[in-house]
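I opened a notebook for this structure and wrote down what I looked up. The entries follow the order in which I went through them.

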Amino acid sequence: MFIDKIPEQEWVEYICHQFAATGKSISQDLAALICKYAECQSSYVQHLSWIAWYKTEGQADKDTIDSALSDLLKQNSVFFQRDVESLTSLQLNFIKALADGVETGFSKKEYIRKYNLESSANIQAVKKALIWPSRYSPWMT
């Protein structure tokens, strides 16, 4: 079942309230930063908020949020590594292009050559393979 993301403002109110309920505080700007870092993905917002709360003595600050993000990434690195290891070289090359800021025009000769994408037909297959449901749930393609 797919559940839509909770809007940022609702998360901000919730995070601030939960900090306050335990005698700690976080500004709305920092709660919004947590949402931004986690892209409002519920499990990541909750996990990142918890780590930030745990690290906060009284008032959360940006260093605490950044440290919490680093901890969250370290805690999940094994999962990220697993996902990367399951990718083909073409899929990984495509993701490198995305990471470099390429958003359109993947079939241009310069991108095919630079990122070793082989052909425009391969690019379409790679895009389809990287869409989450089809990668993990064959019956959802």
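**Entry 1, ground rules.** I am working with a predicted model, in which local features need pLDDT of at least 70 and side-chain atom pairs count only at pLDDT 80 or more, while totals for chains, interfaces and linings use all residues. Residues are numbered from 1 along each chain as its sequence is written, and side-chain values use heavy atoms, with hydrogens and water left out.

Of its 22 residues, Ile15, Ile26, Ile34 and Ile65 touch the most other members. At least two residues each come from α1 (8-21), α2 (28-38), α3 (42-55) and α4 (62-85). I noted that helices here are DSSP runs (H or I, at least four residues), numbered from the N terminus. The most is given by α2, with seven residues. Another core, of eleven residues, lies apart from this one and includes Leu90 and Ile112.

Leaving out residues up to four places away in sequence, Ile34 touches Ile15, Ile26, Val45, Leu48, Ser49, Ala52 and Ile65; a contact means heavy atoms within 4.5 Å.

**Entry 4, Ser49.** I found Ser49 in helix α3. Ser49 counts as buried because its relative accessibility is 10%.

I counted four aromatic pairs. Rings of Phe, Tyr and Trp (its six-membered ring) pair if their centres lie within 6.5 Å; planes under 30 degrees apart are stacked, over 60 edge-to-face, and the rest tilted. Trp11 and Tyr14 are edge-to-face, at 6.0 Å centre to centre and 70 degrees between the planes. Trp11 is buried at 5% relative accessibility, whereas Tyr14 is partly exposed at 45%. Trp50 and Tyr54 are stacked, at 5.3 Å and 15 degrees. Both lie in helix α3, four residues apart, about one turn of the helix.

How values were computed
Core = buried A, V, L, I, M, F, W, Y, C linked by side-chain atoms within 4.5 Å. Buried < 20%, exposed > 50% of the residue type's maximum accessible area, 1.4 Å probe, protein only.
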